[in-house]
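Thanks for passing this one along.

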Amino acid sequence: MTDHTAPDFPTSALITIDTQRDVLDGQPLEIPGTSAILPAMARLLDAFRQAHAPIVHIVRLYRPDGSNVDLCRRSLVENGAAILAPWTEGSELAPGLIANLAVRLDPDVLLAGEIQQVTSGEVVIYKPRWGAFFDTPLEAHLRGHGISTVVFCGCNFPNCPRTAIYEASERDFRVVLATDAISGLYERGQKELSAIGVRLMSSETITAALSNRHLERH
């Protein structure tokens, strides 16, 4: 039988979810465990860059008037909470996630629904809600690069990554979750992901598989 969910690393892309400065330890929107996963995320990013495989950084940006904020956080922002605000340091990607430290997010481009290019193989996309595919150019970008397999990492499993994973699955992408590069992961969630064909792999295993398949392809 054909395993339609098995990762195909030569046609894979890495997607980081909402790993921005404001969610790190001690910051206004602190998500426990996110700072701790940064080294594993950095290893994955290095591996995908070395393999010349696409990387997509998904981010949130909350307008100060709350007009584009999820309903559950809208009052918080309307009442003055400065979280993930465009042009602020807190909205930038976490340290070490972009190789070129001079690159900063361009809210004008991102909030317009366009793709911000970091390098030829690395981009940033803004999402207005939990899911990375909802009202974004992500699917078209991945299809345009011939991607069959998406590898997810970042913040924070119960909310945005989980939603994005299910969105990817319903679009027939093969899905991998880097278990040591995601904050908020729990046992029942892992079982539920396995039941829909998501492969749970460590960053080390992903890196080795990506390297081996890249060498075989060349």
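1. Confidence comes first, since this is a predicted model. The protein chain has an average pLDDT of 95, and 97% of the residues reach at least 70. The stretch to treat separately is residues 214-218, where the pLDDT is below 50. Beyond near neighbours in sequence, that stretch has 3 contacts in the model.

2. Next, have a look at helix α5, which spans residues 160-170. Which of its residues are buried? They are C160, P161, A164, I165, E167 and A168. Because these residues cover an arc of only 165 degrees around the axis, they lie on the same side of α5. Their packing partners are β1 (12-17), β5 (149-154), β6 (174-182) and α6 (187-195). After the helix comes D172, with a positive phi near 65 degrees.

3. H57 deserves a look of its own. This residue is part of strand β2, residues 55-59, and its relative accessibility is 0%, so H57 counts as buried. Which side chain does H57 meet in a polar contact? That of E122, at 2.7 Å. Leaving out residues up to four places away in sequence, H57 also touches T16, L45, L93, L97, I98, V123, V124 and I125, besides E122 itself.

4. You will find K127 in the loop between β4 (122-126) and α4 (138-144). Is K127 buried or exposed? K127 is buried, because its relative accessible area is 0%, and buried means under 20%. A polar contact of 2.9 Å links its side chain to that of D18. Not counting residues up to four places away in sequence, the residues K127 touches include I17, D18, I58, V59 and R60, and also A132, T136 and C160. C160 is one of the buried residues of α5.

5. On to the aromatic rings, where the structure holds 2 pairs. One of them joins F157 and Y186: the ring centres are 5.5 Å apart and the planes meet at 65 degrees, so the pair is edge-to-face. F157 belongs to the loop between β5 and α5, while Y186 belongs to the loop between β6 and α6, so the pair ties together parts that are 29 residues apart in sequence. How do the two residues stand in accessibility? F157 is buried, at 0% relative accessible area, whereas Y186 is partly exposed, at 30%.

6. Two arginines are placed over rings. The charged end of R60 sits over the ring of W130, at 5.9 Å from its centre. R60 is also among the residues that K127 touches. In the other case, R143 lies over the face of F173, 4.0 Å from the ring centre.

7. Last, a word on E114, which lies in the loop between α3 (107-111) and β3 (116-119). With a relative accessible area of 47%, E114 is partly exposed. Which residues is E114 in contact with, leaving aside its neighbours within four places in sequence? V109 and V124. V124 is also one of the residues that H57 touches. The C-alpha atoms of E114 and G90 are separated by 21 Å, and these two residues are 24 apart along the chain.

Notes
Residues are numbered from 1 along each chain as its sequence is written. This is a predicted model: local features need pLDDT of at least 70, side-chain atom pairs count only at pLDDT 80 or more; totals for chains, interfaces and linings use all residues. Side-chain values use heavy atoms; hydrogens and water are left out. Buried means under 20% relative accessible area, exposed over 50%, partly exposed in between (1.4 Å probe, protein chains only). Helices (H or I, at least four residues) and strands (E, at least two) are DSSP runs, numbered from the N terminus. The arc is that of the directions from the helix axis to the C-beta atoms. Contact means heavy atoms within 4.5 Å. A polar contact is a pair of N or O atoms within 3.5 Å; within protein, one must be able to donate a hydrogen and the other to accept it, and residues adjacent in sequence count only if both atoms are side-chain atoms. pLDDT is the predictor's confidence in each residue, from 0 to 100. Rings of Phe, Tyr and Trp (its six-membered ring) pair if their centres lie within 6.5 Å; planes under 30 degrees apart count as stacked, over 60 as edge-to-face and the rest as tilted. A charge sits over a ring if NZ of Lys or CZ of Arg is within 6 Å of the ring centre and within 35 degrees of the ring normal.
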